[in-house]
Amino acid sequence: MDARLGFSALQSAAIPDSPHPEPVVRLRNFIRRFGANTIIDGLDLDIAPGEFIALLGRSGSGKTTLLRTLAGLDEIGGQDVEVPASRAVVFQDARLLPWKPVWKNVALGLKGAQPRERSEAALKEVGLGHRLNAWPLTLSGGEAQRVALARALVREPKLLLLDEPFAALDALTRYRMHDLVLSLWRKHRPAVLLVTHDVEEAIALADRVLVLDSGRIVAQERITAPRGERASFAQRLREKLLSHLGGDDHDDAVVPFPIAEAAE
Ligand SMILES: Nc1ncnc2c1ncn2[C@@H]1O[C@H](COP(=O)(O)OP(=O)(O)OP(=O)(O)O)[C@@H](O)[C@H]1O
């Protein structure tokens, strides 16, 4: 297996180095058009089980279109697309039902036994065990996104799709969410596709960074450095500076820096 890939244009070639014979996501020559506009233009993509992928691209490059396809939110009839049935999406806005308390938002549509207990356990995992009966409108932006994460994870998805979930948060909350997402990912190990505009975020979180342009993957970089060593100086300094700015969510569910690199 290769250590690092350069930014070579891949265009519609299959990603050659998937370490698993059976990817959890498999797209071949995927095409998406809106009217006369071709948004995704013959895309091949494999995502390995448990792999964390960040998808970068300019505005309008088709990132959300690709994510919606993987989420099953768009009708794509007749194309060679394999995705797991168990998948969950977190969007930029939490999309909580304001008339239901937090735990019911997480339990919504949950199949199987003990929805309340499972919802409670998921909310504890994201540090909101004390807000089970809170109303969504009383939550901060960071808290609401943590509820959205709990709602996704309680379904134990094989594929977790994150569409700029941190973009609307302040910097401190965003960095805390990074740590939280990483700790949850390490524990549950879903494959993750994170759509983001933030290159630094992509480098900090992902195993592999893809760049989408004009409907094609034009570059990819596999990042093998342990996450704790990625820009650790910058992170320490950032944490130090940001600790003076305060934040909306101080709790002990967030993994403190340095991030523990458990079995990457
Ligand atoms: N339902 C739709 N009907 C028509 N055009 C659409 C539809 N959905 C997306 N598009 C177009 O497809 C293109 C790609 O949109 P998409 O939202 O996937 O881009 P993006 O990379 O996620 O952009 P951004 O970073 O700004 O969110 C845009 O030109 C958009 O206008």
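Author: Ala, Val, Leu, Ile, Met, Phe, Trp, Tyr, Cys and Pro count as nonpolar, Asp, Glu, Lys and Arg as charged, and the others, Gly among them, as polar. The model shown here is predicted. With these classes, the shell around the ligand divides into 2 nonpolar, 7 polar and 1 charged residues.

Reader: Which residues are around the ligand, and which helix gives the most to this shell?

Author: The residues around the ligand are F34, I39, G57, S59, G60, S61, G62, K63, T64 and T65. Helix α1, residues 63-71, gives the most to the shell, with 3 residues.

Reader: How should I read the pairing of strands in a sheet?

Author: Strands of a sheet pair through backbone hydrogen bonds, and the pairing is either parallel or antiparallel. Strand β1, residues 25-34, is joined to β4 by 3 bridges in the antiparallel sense; L27 has V81 in β4 as its bridge partner.

Reader: How many strands form the other open sheet, and in what order?

Author: That open sheet is formed by 6 strands in the order β5-β6-β7-β3-β8-β9, and the pairing is mixed. At its edges are β5 (87-90) and β9 (216-222), each of which pairs on one side only. Here the twist averages 20° from one strand to the next. Strand β8, residues 208-213, pairs with β9 in the antiparallel sense over 6 bridges, and R208 stands opposite R222 in β9. Helix α4 packs on this sheet, where α4 touches β5 and β6 (159-163); the direction of α4 makes about 170° with that of β5.

Reader: Which residues have the most contacts inside the largest nonpolar core?

Author: That core has 64 residues, and those with the most contacts inside it are I53, L55, V147, A150 and L194. Helix α4, residues 141-153, gives the most to this core, with 7 residues. To take one case, L55 is in contact with K63, L66, L193, L194, V195, L210 and L212, leaving aside its neighbours within four places in sequence.

Reader: Why is D41 classed as partly exposed?

Author: The class rests on a count: a residue is buried if 20 or more other C-beta atoms lie within 10 Å of its own, exposed if 12 or fewer, and partly exposed in between. D41 has 16 other C-beta atoms within 10 Å and is therefore partly exposed. D41 lies in strand β2, residues 37-47.

Reader: Which residues does D41 touch?

Author: Not counting residues up to four places away in sequence, D41 touches I31, S214, G215 and R216. By contrast, the C-alpha atoms of D41 and L182 are separated by 31 Å, these residues being 141 residues apart along the chain.

Note on methods
Residues are numbered from 1 along each chain as its sequence is written. This is a predicted model: local features need pLDDT of at least 70, side-chain atom pairs count only at pLDDT 80 or more; totals for chains, interfaces and linings use all residues. A nonpolar core is a set of buried Ala, Val, Leu, Ile, Met, Phe, Trp, Tyr and Cys residues joined through C-beta atoms within 7 Å. Helices (H or I, at least four residues) and strands (E, at least two) are DSSP runs, numbered from the N terminus. Two residues are in contact if their C-beta atoms, placed from the backbone, lie within 7 Å. Two strands pair if DSSP finds at least two bridges between them. Axes are lines fitted to C-alpha atoms, for helices over the stretch in contact, and angles run from 0 to 180 degrees between N-to-C directions. A residue is near a molecule or strand if its C-beta atom, placed from the backbone, lies within 6 Å of it.
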